[in-house]
Amino acid sequence: QVQVVESGGGLVQSGGSLRLSCSASGRIISIIDMAWYRQVPGQERELVATITIGGTTKYADSVKGRFTISRDNAKNTAYLQMNSLKPEDTAVYYCNDRVRITAWSDTEVWGRGTLVTVSS
């Protein structure tokens with residue numbers, strides 16, 4: 001079984017920065033893709049950023065130039081550096097990993113989320 005745990009959320013003023021972490025543990029051969037999503041109550045979950053095992057990244061237009069996703073494969077950890085935060089970035093941020101658990105199978109794992117609140 002694989003688990004992922006997010007950390008690093010909190011309250012920050014507009015224009016400030018936060019760094020989120022997502023640590024995976026359990027029966028892991030490798031983590032293929034790592035992604036960050038966010039969700040505001042009453043709205044759909046939104047893809048924020050993704051990073052492949054090779055380091056290729058993609059971002060939502062709303063965060064390009066402000067957020068940076070990275071990963072440490074040795075630690076099975078993903079990071080999301082968030083700069084120039086805006087009140088509209090307020091949401092629960094979720095980590096999503098696609099994990100290779102055997103030589104022929106993958107699984108998708110979600111964390112429970114970490115709350116980011118940006119005050120104006």
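Biologist: Which way do β4 and β9 pair, parallel or antiparallel?
Modeller: β4 and β9 pair in the antiparallel sense, and 9 bridges join them. Keep in mind that this is a predicted model.

Biologist: Which residue in β9 is the bridge partner of Ile31?
Modeller: Val99 is the partner of Ile31.

Biologist: What holds paired strands together in general?
Modeller: The strands of a sheet pair through hydrogen bonds of the backbone, and they can run parallel or antiparallel.

Biologist: Back to β9. How many bridges join β9 to β11?
Modeller: There are 3 bridges between β9 and β11, which covers residues 114–119, and this pairing is antiparallel.

Biologist: What do β9 and β10 form, and how many residues are between them?
Modeller: They form a hairpin, with 2 residues between the two strands.

Biologist: Now the other sheet. In what order do its 4 strands come?
Modeller: The order is β1-β3-β8-β7, in an open sheet with antiparallel pairing. β1 (2–7) and β7 (67–72) are the edge strands, so each of them pairs on one side only. Neighbouring strands in this sheet are turned against each other by 15 degrees on average, direction ignored.

Biologist: How many bridges are there between β1 and β3?
Modeller: β1 and β3 pair over 6 bridges, in the antiparallel sense. If you look at Ser7, you will find Ser21 of β3 opposite.

Biologist: Where do the side chains go along a strand?
Modeller: In a regular strand they alternate between the two faces of the sheet.

Biologist: Next topic, cysteines. Which residue does a disulfide join to Cys22?
Modeller: Cys95 is joined to Cys22, with an S to S distance of 1.9 Å. The count of disulfides comes to 1. Cys22 lies in β3 (residues 18–26) and Cys95 in β9 (residues 91–102), so the pair ties together parts that are 73 residues apart in sequence.

Biologist: Are Cys22 and Cys95 buried or exposed?
Modeller: Cys22 is buried, and Cys95 is buried as well.

Biologist: Why is the disulfide called left-handed?
Modeller: The torsion about the S-S bond of Cys22 and Cys95 is about -75 degrees, so the disulfide is left-handed.

Biologist: On to charges. How many salt bridges are there?
Modeller: The count comes to 6 salt bridges. One of them is between Asp61 and Lys64, where the closest N and O atoms are 3.2 Å apart. Asp61 has 63% relative accessibility, so Asp61 counts as exposed.

Biologist: Which residues are linked in a network of salt bridges?
Modeller: Arg38, Glu46, Arg66 and Asp89 are linked in that way. Arg38 forms a salt bridge with Glu46, with the closest N and O atoms 2.8 Å apart. Asp89 and Arg66 meet through their side chains in a salt bridge of 2.7 Å, N to O. This second pair links distant parts of the chain: Asp89 is in the loop between β8 (77–82) and β9, whereas Arg66 is in the loop between β6 (57–59) and β7, and the two are 23 residues apart.

Biologist: Why does Asp89 count as buried?
Modeller: Asp89 has 1% relative accessibility, so Asp89 counts as buried. Arg66 is buried too, with a relative accessible area of 10%. Glu46, at 31% relative accessibility, counts as partly exposed.

Biologist: Where does Arg38 lie?
Modeller: Arg38 lies in β4, residues 30–39. Arg38 has 6% relative accessibility and therefore counts as buried.

Biologist: Which side chains make a polar contact with the side chain of Arg38?
Modeller: One is the side chain of Ser62, at 3.4 Å. Another is the side chain of Asp89, at 2.9 Å.

Biologist: What does Arg38 touch, not counting residues up to four places away in sequence?
Modeller: The residues it touches include Val48, Val63, Phe67, Glu88, Val92 and Tyr93.

Key
Residues are numbered from 1 along each chain as its sequence is written. This is a predicted model: local features need pLDDT of at least 70, side-chain atom pairs count only at pLDDT 80 or more; totals for chains, interfaces and linings use all residues. Side-chain values use heavy atoms; hydrogens and water are left out. A disulfide is a pair of cysteine sulfur atoms within 2.5 Å. Buried means under 20% relative accessible area, exposed over 50%, partly exposed in between (1.4 Å probe, protein chains only). Axes are lines fitted to C-alpha atoms, for helices over the stretch in contact, and angles run from 0 to 180 degrees between N-to-C directions. A salt bridge is a side-chain nitrogen of Lys or Arg within 4 Å of a carboxyl oxygen of Asp or Glu. A polar contact is a pair of N or O atoms within 3.5 Å; within protein, one must be able to donate a hydrogen and the other to accept it, and residues adjacent in sequence count only if both atoms are side-chain atoms. Contact means heavy atoms within 4.5 Å.
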